Amino acid sequence: MSASSTAPRHDPAYNFAFLDEQTKRMIRRAILKAIAIPGYQVPFASREMPMPYGWGTGGVQVTAAILGPDDRLKVIDQGADDTTNAVSIREFFRRTAGVETTERTDKATIIQTRHRIPEMALRDDQVLVYQVPIPEPLRFLEPRETETRTMHALKEYGLMHVKLYEDIAMHGHIATTYAYPVKVAGRYITDPSPTPKFDNPKMNRMPALQLFGAGREKRIYAIPPYTDVVSLDFEDHPFTVQKWDQPCDLCGAEDTFLDEMLTDDQGGRLFICSDSDHCNRRQTAGHHGSMTQDAAE
Amino acid sequence: MYVAVKGGEKAIRNAHRLLAKERRGDPDIAEISVPQIDGQLSLAVDRVMTEGSLYDRSLAALAIKQSRGDLIEAIFLVRAYRTTLPRFGGSEPIETGSMTVRRRISASFKDVPGGQLLGPTFDYTHRLIDFGLAAESECPAAELAPGPAETTVPSIASILGNEGLVETETDHNPSQPPGDVTSDALDFPAGRDLRLQALARGDEGFLLALGYSTQRGYARNHAFAGEIRVGTVTVEMFVEELGFTIAIGEITVTEVQMINQFKGSTTVPPQFTRGYGLSFGHCERKAMSMALVDRALRCRELDEDNVGAPAQDEEFVLSHCDNVQATGFVEHLKLPHYVDFQSELELVRRMRREVTERAGAQEAAE
């Protein structure tokens with residue numbers, strides 16, 4: 001599909017990547033601390049960005065702090081490069097940093113994401129930046145920051161296990177399908193951001209550095225390369241990921257996260273890969289799903 | 001054949017064009033100017049400056065124009081601009097006691113030294129729509145009170161303070177500079193400096209509702225409007241290179257000192273305590289609400305019963321009073337969430353299937 005676009009020069013009205021150097025240094029210090037303590041939420045002096053809180057201001061600040069002129073940036077939202085907010089954030093960095101952008105996972109040096117991890121395995125020369133709305137995995141069990149901070153400090157995670165147990169007792173399943181809590185490097189319980197639990201196994205021992213930015217909540221955390229990331233479960237109720245009864249209707253993939261598209265009001269629907277780059281590349285490589293098969297015939 | 005939803009870039013561009021067109025309105029009607037907004041919608045400008053944390057009338061007026069009168073959007077524009085500005089340093093604390101007052105009232109005394117000065121207030125207007133305003137009209141000149149208007153008057157709290165009836169506020173310790181909510185992540189429990197900063201930036205509507213709740217019994221604190229003053233104060237700054245303090249400008253502020261009952265404790269005799277409110281420009285409702293909430297949040301410091309009311313809950317109030325944060329997170333629900341929704345769909349379908357299967361198996365067994 002579309003390869004990397006040519007890099008424009010950055011808007012001279014703004015500092016490279018929008019933030020001033022002082023702010024970038026402050027964010028880099030927070031990032032370094034976060035890498036040093038995997039899964040720990042480091043408070044940082046989040047700035048007001050020219051996009052609203054909730055639109056990825058945390059991820060944007062992390063990306064701005066680590067971006068260099070030679071980087072190639074990919075931005076995805078729901079796995080896709082063409083969703084409106086991904087388009088908007090990519091445009092923001094094209095304008096303020098003049099960096100090259102790409103839709104190809106393998107060509108990108110930094111990938112900023114909201115709600116998905118690319119299907120393709122990432123390398124150790126790549127950084128994955130997550131946009132995080134609520135960084136505190138215990139927040140919905142205990143709304144107070146003062147409490148949850150103590151719970152983390154004392155490694156007191158019983159409440160989370162009780163919650164998961166209650167799910168099983170009531171529904172027969174752990175009823176968390178996204179933002180499924182993980183334990184990082186055997187210490188901190190961490191929120192993987194609202195990615196579907198389908199993506200959790202990819203976080204474990206990932207070669208790429210994973211950085212998480214929560215702008216409104218003013219927190220940064222990190223999972224260094226090759227770090228153990230374990231999704232919480234029980235021996236008799238092991239962690240499992242979602243499965244679909246059918247392959248992607250466009251590329252025939254059977255091992256990807258599929259989005260359901262409603263095609264009419266008669267119950268007609270299609271299942272297609274949420275990772276648009278992955279799906280496009282499979283189609284280009286000659287893979288077909290039921291829809292593309294029909295068209296080809 | 002299904003065609004993937006593409007063209008985000010083009011759609012966004014066109015949406016922006018449409019927005020600009022809507023903002024302009026009917027092109028046959030003269031465009032509203034920034035000085036007009038500044039001069040004639042001045043209270044909107046005041047609110048945007050206060051909650052935007054930036055004293056710049058024309059910039060706030062421009063933000064109101066750009067945001068089509070959506071004040072929270074205008075506040076957001078000002079905040080986002082503010083972060084890009086270099087910081088020269090901090091000013092000296094403003095001296096509201098030497099304010100040149102335009103309005104100054106106390107509800108606690110019939111008369112006060114310096115007098116009651118109504119100034120420009122809606123308070124005693126009858127809320128009858130003035131149809132005369134529909135046509136452009138000349139406005140009659142107001143007859144200003146002779147004498148103390150536009151002068152400095154002593155603050156009520158300081159007068160009561162002389163008798164020890166009101167708690168004395170401790171001066172801030174210069175070796176311990178106040179915190180800054182705009183450059184540090186807020187930590188709990190927060191000091192009063194950070195609390196007041198967060199409240200000053202806080203949403204007027206949110207603080208109004210919380211202040212109101214204290215009056216209706218959710219952490220009632222028996223407030224009296226000790227003094228409300230609006231006027232101009234000089235902003236001074238110590239300049240390192242000069243070695244002395246110089247005046248760098250004048251700003252209009254609204255200051256509210258609420259005086260509240262306090263039964264006293266084992267160490268302090270019964271006396272009145274204070275809740276404090278301050279805003280840029282003339283934001284009286286905001287400053288009063290802020291003072292009520294400030295006082296409610298002092299419950300722990302004053303060793304009062306924490307009845308668990310929302311206005312007493314520091315984390316609850318300070319985490320939710322910022323309207324730029326609140327509007328962002330509420331409105332972000334407009335962004336696509338279909339991946340998460342898909343995950344939930346899958347789970348609900350599976351659980352429904354299991355319930356049906358169980359019911360079927362039970363029926364077969366019977």
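In strand β9 of chain A, Arg219, Tyr221 and Ile223 point one way, Ile220 and Ala222 point the other way, and all of them are buried. Buried here is under 20% relative accessible area, exposed is over 50%, and partly exposed is in between, with a 1.4 Å probe and protein chains only. Helices (H or I, at least four residues) and strands (E, at least two) are DSSP runs, numbered from the N terminus.

Some housekeeping before I go on. This is a predicted model, in which local features need pLDDT of at least 70 and side-chain atom pairs count only at pLDDT 80 or more, while totals for chains, interfaces and linings use all residues. Residues are numbered from 1 along each chain as its sequence is written, chains are lettered from A and ligands numbered from 1 in the order in which they are written, and side-chain values use heavy atoms, with hydrogens and water left out.

Back to β9 of chain A. Which strands pair with β9(A)? One is β1 of chain A, residues 42-43, which is antiparallel to β9(A) and joined to it by 2 bridges; for pairing, DSSP has to find at least two bridges between two strands. In that pairing A:Val42 has A:Ile220 as its bridge partner. The other is β8(A), also antiparallel, with 5 bridges to β9(A). There A:Gln210 sits opposite A:Ile223. β8(A) and β9(A) make a hairpin with 4 residues between the strands, and A:Lys218 has a positive phi near 60° in it.

Chain A also has an open sheet of 3 strands, ordered β7-β6-β10, with antiparallel pairing. At the edges are β7 (188-190) and β10 (229-231), each of which pairs on one side only. From one strand to the next the twist averages 35°; the axes are lines fitted to C-alpha atoms, for helices over the stretch in contact, and angles run from 0 to 180 degrees between N-to-C directions. Strand β6(A), residues 182-184, is held to β10(A) by 3 bridges, and A:Lys183 has A:Val230 as its bridge partner.

Now some backbone angles. Most residues other than glycine have a negative phi, and most peptide bonds are trans. A:Ala185 is not a glycine, yet its phi is positive, about 50°. This alanine is in the loop between β6 and β7 of chain A. Is A:Ala185 buried or partly exposed? A:Ala185 is partly exposed, at 43% relative accessible area. A:Arg205 also has a positive phi of about 50° without being a glycine. The loop that holds A:Arg205 runs between α6 (200-203) and β8 (209-214) of chain A, and with 44% relative accessibility this arginine is partly exposed. In chain B, the peptide bond from Phe188 to Pro189 is cis, with omega near -5°. B:Pro189 belongs to the loop between α6 (156-161) and α7 (192-201) of chain B.

Next, the strands of chain B. β1(B), residues 100-105, and β2(B), residues 223-239, run antiparallel and are joined by 5 bridges; B:Ile105 is opposite B:Ile228. β2(B) is also antiparallel to β3(B), over 16 bridges, with B:Gly231 opposite B:Val253. These two strands form a hairpin with 4 residues between them, and B:Gly243 in the turn has a positive phi of about 85°. β3(B), residues 244-260, contains B:Gln257, which is buried at 10% relative accessible area. B:Gln257 and B:Gly277 are 20 residues apart in sequence, and their C-alpha atoms are 6.6 Å apart.

Last, the second largest pocket. On a 1 Å grid over the protein atoms alone, a pocket is an open set of points with protein on both sides within 12 Å along at least five of seven lines, and lining residues have an atom within 4 Å of a point. The space in this pocket is about 2200 Å³; grid points are joined across faces, edges and corners, and the volume is the space filled by probe spheres set on the points. Its lining has 43 residues, with A:Pro50, A:Met51, B:His16, B:Gln66 and B:Glu73 nearest the centre. Which helix gives the most to the lining? That is α3(A), with 9 residues. Helices supplying at least two lining residues each include α1 (8-24) and α5 (71-82) of chain B.

Key:
On a 1 Å grid over the protein atoms alone, a cavity is a set of points where a 1.4 Å probe fits but cannot get out, and a pocket is an open set with protein on both sides within 12 Å along at least five of seven lines; lining residues have an atom within 4 Å of a point.
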